[in-house]
Amino acid sequence: MDFDLSDDQVALRDGARELLDGMSPAIRVRAVAGSDARWDEALWAGMVEQGWLGVALPESEGGLGLGAVELAVLLEEIGRHAAPVPFLSTVLAIEAFRSAGDAATVEQLVQGERIACVAWAHDARERLGPVAFAPVADLAVVVRTDGRSGTVDAFDLTAAPEARPSAE
């Protein structure tokens, strides 16, 4: 069995590395971390322009129609650069809203028009702690699991307060 990346996957990795080398060098990551910005909007725009948010989404739904390996290639490069963007949480939210049949929200997420955060709880009653990118998110996905099964709820944080996830 061959576990090497295909030529297309290598090209995706190299393109991602080039974009991130140019837009997310360590000095810029430190500058964003030390500012009130909380995330790099210019880098986010570059990633959206490349179609990265829809990498694993079928073309018929506005994505690139690639797969989990290509998503992993992008995640590896984003992690390698410590890029201050809500990529993973937004990709997870795309799948959550897709599963819920909310095509309009999926399209907004893929186009970078909305930002998502993901909160995890290991118990249905566990209080949710700090959530990465929550201050800039307008959508939230809350995953609660007991180790055997779980629930995934998606919320629009711009909706009325009673529609938002509980902190408990």
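User: How many helices and strands make up the secondary structure of the protein?

Analyst: This is a predicted model. Read along the sequence, the elements follow the pattern α-α-α-α-α-α-β-β-β. The secondary structure therefore comes to six helices and three strands.

User: What is the radius of gyration of the protein, and what value would a compact globule have?

Analyst: The C-alpha atoms fill a box of roughly 45 × 40 × 30 Å along the principal axes. For 168 residues, a compact globule would have a radius of gyration near 15 Å. The value for the protein agrees with this, being 17 Å.

User: What share of the residues counts as buried?

Analyst: The protein exposes about 9,700 Å², of which carbon and sulfur atoms supply 52%. A residue counts as buried under 20% relative accessible area. Of the 168 residues, the share that counts as buried is 38%.

User: Which strands stand at the edges of the sheet, and why is one side of each left without a neighbour?

Analyst: The sheet is open, has three strands with mixed pairing, and runs in the order β1-β2-β3. One side of each edge strand lacks a neighbour in the sheet because each has a single partner strand. The strands at the edges are β1 (116-121) and β3 (150-156).

User: In which sense do β1 and β2 pair, and which residue in β2 is the bridge partner of C117?

Analyst: In general, strands of a sheet pair through backbone hydrogen bonds, either parallel or antiparallel. β1 and β2 (residues 139-145) pair over six bridges, in the parallel sense. Within β2, the bridge partner of C117 is A140.

User: Which helix packs on the sheet, and what angle does its direction make with that of β1?

Analyst: Helix α5 (residues 87-99) packs on the sheet. α5 touches β1, β2 and β3. The direction of α5 makes with that of β1 an angle of about 85 degrees.

User: Which element gives the most to the largest nonpolar core?

Analyst: The largest nonpolar core holds 37 residues, and W44, M47, W52, I78, V85 and F87 touch the most other members. At least two residues each are supplied by α1 (7-23), α3 (41-50), α4 (68-80), α5, α6 (103-110), β1 and β2. With six residues, the element that gives the most is α5.

User: With which residues is I78 in contact, leaving aside its neighbours within four places in sequence?

Analyst: I78 is one of the residues that touch the most other members of the largest nonpolar core. Leaving aside neighbours within four places in sequence, the contacts of I78 are L20, M47, W52, A83, V85 and F87.

User: Does R38 count as buried or exposed?

Analyst: R38 lies in the loop between α2 (26-33) and α3. Its phi is near 75 degrees, a positive value in a residue other than glycine. Most residues other than glycine have a negative phi. Because its relative accessibility is 53%, and the cut-off is over 50%, R38 counts as exposed.

User: Where is A82 found, and what is its relative accessibility?

Analyst: A82 is found in the loop between α4 and α5. Phi of A82 is near 50 degrees, a positive value in a residue other than glycine. A82 counts as partly exposed because its relative accessibility is 48%.

Definitions and conventions:
Residues numbered from 1 in each chain as written. Predicted model: local features only at pLDDT ≥ 70, side-chain atom pairs only at ≥ 80, totals over all residues. Heavy atoms only, no water. Pairing = 2+ DSSP bridges. Helix = DSSP H or I, 4+ residues; strand = E, 2+ residues; numbered from the N terminus. Contact = heavy atoms within 4.5 Å. Axes fitted to C-alpha atoms, helices over the stretch in contact; angles between N-to-C directions. Core = buried A, V, L, I, M, F, W, Y, C linked by side-chain atoms within 4.5 Å. Buried < 20%, exposed > 50% of the residue type's maximum accessible area, 1.4 Å probe, protein only. Rg over C-alpha atoms; globule rule 2.2 N^0.38 Å. Areas by Shrake-Rupley, 256 points an atom, 1.4 Å probe, with all protein chains shown as cover.
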